[in-house]
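Hi everyone, thanks for making time this morning. I'd like to walk you through one chain, and please have the viewer open while I talk.

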Amino acid sequence: MAALPVHRWRLAPDGYATRRQLRARNLRPGGQEVAAQLERPRRRRGPLVAYLYRIDLASPVRPMTPARWAALAKANAARRICPVCRRDAGYVIPSSLGTCTPCAYPDPDRSEGNT
């Protein structure tokens, strides 16, 4: 395997883009290997690295099908259901809490439970 060409940060040659830059153009790497990398030096740590892909070999982003939209909606809905009280919280449950806010911080003044 040959070594990747390394370029300085913000000095990428024309025709190369990161994954995010490809996505902004409605493209994806499309199975191609990393073509080059950018390195940004830092003082007390290793350099920041960004991988570059060739724009001419990139493929268009696949369109969302109705089945993919439905699967995405189902996955997002599952992230809103509290595992303790089984109610829709109305927001995505934070992974730091693991439950909805009323279950994570019950109100001691209220006599009714959240179960």
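This is a predicted model: local features need pLDDT of at least 70, side-chain atom pairs count only at pLDDT 80 or more; totals for chains, interfaces and linings use all residues.

The chain has three helices and six strands. If you trace the chain along its sequence, the order reads β-β-α-β-β-β-β-α-α.

Now, how does the radius of gyration of the chain sit against that of a compact globule? A compact globule of 115 residues would come out near 13 Å, whereas this chain has 23 Å. The C-alpha trace spans about 65 × 45 × 25 Å along its principal axes. Of the 115 residues, 19% are buried. The accessible surface comes to about 9,300 Å², and carbon and sulfur atoms account for 52% of it. As for contacts, take the pairs at least 6 apart in sequence: 49% of those join residues at least 24 apart.

Let's go inside. Which residues make up the largest nonpolar core? There are six of them: Ala17, Leu22, Leu27, Tyr53, Ile55 and Ala58. Click on Tyr53 if you would. Beyond its neighbours within four places in sequence, Tyr53 is in contact with Gly15, Tyr16, Ala17, Arg19, Leu22, Pro29, Gln32, Glu33, Val34 and Ala35. There is also a second, separate core, this one of five residues, including Cys85, Ile93, Cys100 and Cys103.

How many does the structure hold? The count is zero. Take Cys85: its closest cysteine sulfur is in Cys82, and the two sulfurs are 3.7 Å apart, which is too far for a bond, since a disulfide needs them within 2.5 Å. Cys100 is in no disulfide either, with the sulfur of Cys103 as the nearest one, 3.5 Å away. And are these two residues buried or exposed? Cys85 counts as buried because its relative accessibility is 14%, and Cys100 is buried too, with a relative accessible area of 6%.

Staying in that region, have a look at Thr99. You'll find Thr99 in the loop between helix H2, residues 66-78, and helix H3, residues 101-104. At 13% relative accessibility, Thr99 counts as buried. What does its side chain reach? A polar atom of the Thr99 side chain lies 3.4 Å from the backbone nitrogen of Ala104. Setting aside neighbours within four places in sequence, the contacts of Thr99 are Cys82, Pro83, Val84, Ile93, Pro94 and Ala104.

Gln32 lies in the loop between strand S3, residues 27-28, and strand S4, residues 36-40. Is Gln32 buried or exposed? It counts as buried, at 15% relative accessibility. The side chain of Gln32 reaches two backbone oxygens: that of Pro29 at 3.2 Å, and that of Arg54 at 3.0 Å. Not counting residues up to four places away in sequence, Gln32 touches Tyr53, Arg54, Leu57 and Ala58. Tyr53 and Ala58 are both members of the largest nonpolar core, so Gln32, which counts as buried at 15% relative accessibility, touches two residues of that core.

Now for some exposed residues. Arg23 sits in helix H1, residues 19-24, and counts as exposed at 52% relative accessibility. Arg23 and Pro60 are 37 residues apart in sequence, and their C-alpha atoms are 9.1 Å apart in space.

Asn26 has a phi near 60°, a positive value in a residue other than glycine. Asn26 lies in the loop between H1 and S3, and is exposed, with a relative accessible area of 54%. For Arg86, phi is again near 60°, and this residue is not a glycine either. Arg86 is found in the loop between H2 and H3, where it counts as exposed at 59% relative accessibility.

That's my tour, and I'm happy to take questions.

Notes. Residues are numbered from 1 along each chain as its sequence is written. Side-chain values use heavy atoms; hydrogens and water are left out. Buried means under 20% relative accessible area, exposed over 50%, partly exposed in between (1.4 Å probe, protein chains only). A nonpolar core is a set of buried Ala, Val, Leu, Ile, Met, Phe, Trp, Tyr and Cys residues joined through side-chain atoms within 4.5 Å. Contact means heavy atoms within 4.5 Å. Helices (H or I, at least four residues) and strands (E, at least two) are DSSP runs, numbered from the N terminus. The radius of gyration is taken over C-alpha atoms; the globule rule is 2.2 Å times the number of residues to the power 0.38. Accessible areas come from the Shrake-Rupley method with a 1.4 Å probe; for residues, only the protein chains shown count as cover. A polar contact is a pair of N or O atoms within 3.5 Å; within protein, one must be able to donate a hydrogen and the other to accept it, and residues adjacent in sequence count only if both atoms are side-chain atoms.
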